[in-house]
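Open the model in your viewer and keep the sequence panel beside it. The tour moves from one chain to the contact and then to the other chain.

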Amino acid sequence: MEIKQTALAGTLESSDIQIMLSKGTDGITIDLESDVEKQFGDQIRKVITDTLAEFNIDNVKVKAVDKGALDCVIKARTIAVAQRALQTQDQPAWEAF
Amino acid sequence: MNNEIVDLHLNDPQVRKTWEDFLTSLGITDFQSQETDAIDFTLGIYEGDKLVATGSAAGNILKYIGVCNKGVDQGSRFNTIVSALISRLFQQQIFHLFVFTKLKYSDSFQHVGFHELAHSDVAALLETGDSSIDDYLKAIPRVDDQTNKRVAGIVMNANPFTRGHRYLVEQAAGENDVVYVFVVNTDASLFTTAERFELVKQGTADLKNVIVVNGGDYMVSYATFPAYFLPTPDQQVDYQTTLDARIFRDRIAPALNIKTRYLGTEPLSRTTGIYNQVLQRELPPQVAVKIVDRKTTDDGTIVTATAVRKAIADDQLDSLAALLPPSTTNFINQHLDSLQFRIKKGMNINGN
């Protein structure tokens, strides 16, 4: 599935992650900026990819700026941004939680 | 309101003074009205009654970002203010942002997800958002086997497309396999971007090896080169054009295999004159610069778009045929009323 519009969730504050989704044509591509990229980059990408999969999004450009977010934060921000991008904020995706 | 983001209303003299004093203490001192008038909104963070961070946006460009780190973790206020600016712009459906900053702050912006387009000894230009220069370059049409072709590039505002522009393109088309004509995207001229683009297309339609493309945000735009559209001191023109030239040299030319950039001599515009000098300083050896003398009409007048715009304002259309290709002349005849109306409404026709 493709997204309907560009969307943003999260902030650049410590322990948070800012995630932006925009239309892509090349599968899921992730541009990640993180101070702990070396240690946790793969894990961060995995959480984002898995969460997007719950929404059946398979064509999207992801830009993520991580400030040391825990997995649960990354997942929450990804759910928020995915729902905004799909314009389904008013129908919480319980199964994704 | 400790450490909360608030809107700063700069038309309140007291707020304005606090804001200017704070930025001045950080070494930002240029408060000329042409810079500050462009600001759409300004955010700030106070601690007690003291301003400790601020940032503004003008269109899709972040400006006047200043942060005091006293008593807090390095960078935390910077992240907060940039984050707030980005969210606010996103709410306004502005998804592609630029920042023009001192070189020493380039790293700070890269830390919050910006990518550097180019830097000089003093300044850097960065972008972030849902599209990037790579997307822009990917969308430009290519020819078969382009890496083995002789490719040239021309950047023009073409306000409007004259016989002078045509002459420049013809020279390049005769000497190369492919010529890219980049039309300036910023919509701040008498002829709109769509009109200028269409007239360049029509005026070069018979030249089969010419590809007309929109210059996007990366060539002579409000982001790379605001001085092209606003009166600006020479030194600043030099700073801006250096970045513009380096983006062309390091990002655009290699992606399209452009080996030569063609310029017209510029006897009349000071800003464009400086731009041409900077291009000659910055582009070689990666990209050769070829300067083509201005075309003159049969009786020796120099062909310039400035003269064309003046003729439109003065209703002296007889003189135009000598300066313009038929496609542009036709367009002006058909749209004379609306063009003259734009001039009456105050569109500046003496700039570029």
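What percentage of the 97 residues in chain A do buried residues make up? They make up 43%, where buried means that 20 or more other C-beta atoms, placed from the backbone, lie within 10 Å of a residue's own.

This is a predicted model, in which local features need pLDDT of at least 70 and side-chain atom pairs count only at pLDDT 80 or more, while totals for chains, interfaces and linings use all residues. Residues are numbered from 1 along each chain as its sequence is written, and chains are lettered from A and ligands numbered from 1 in the order in which they are written.

**Select chain A.** Chain A has 2 helices and 4 strands, in the pattern β-β-β-α-β-α along the sequence. Helices (H or I, at least four residues) and strands (E, at least two) are DSSP runs, numbered from the N terminus. The C-alpha trace of chain A spans about 30 × 25 × 20 Å along its principal axes.

**Select residues 71-86 of chain A.** This is helix α2, with 16 residues; from first C-alpha to last it reaches 22 Å, close to the 22 Å expected at 1.5 Å a residue (1.5 Å times one less than the number of residues). Its buried residues include A:I74, A:I79, A:V81 and A:L86. The buried residues of α2(A) pack against β1 (7-9), β2 (17-23) and α1 (37-54) of chain A. Step on to A:Q87, which follows α2(A) and has a positive phi, near 55°.

**Show the contact.** Chain A contributes 13 residues and chain B 11 residues; two residues are in contact if their C-beta atoms, placed from the backbone, lie within 7 Å. On the side of chain A that touches chain B, β2 and β4 (60-66) of chain A each supply at least two residues. β2(A) gives the most, with 3 residues.

**Select the sheet of chain B.** Here 7 strands form an open sheet with mixed pairing, in the order β1-β2-β3-β4-β5-β7-β6; two strands pair if DSSP finds at least two bridges between them. The edge strands of chain B are β1 (5-7) and β6 (115-119), each pairing on one side only.

**Zoom to β6(B).** β6(B) pairs with β7 (residues 123-129) of chain B in the antiparallel sense over 4 bridges. B:H115 stands opposite B:E127 in β7(B).

**Finish at residues 234-256 of chain B.** Helix α8 of chain B packs on the sheet and touches β6 and β7 of chain B; its direction makes about 115° with that of β6(B). Axes are lines fitted to C-alpha atoms, for helices over the stretch in contact, and angles run from 0 to 180 degrees between N-to-C directions.

Key. Buried ≥ 20, exposed ≤ 12 C-beta atoms within 10 Å, placed from the backbone.
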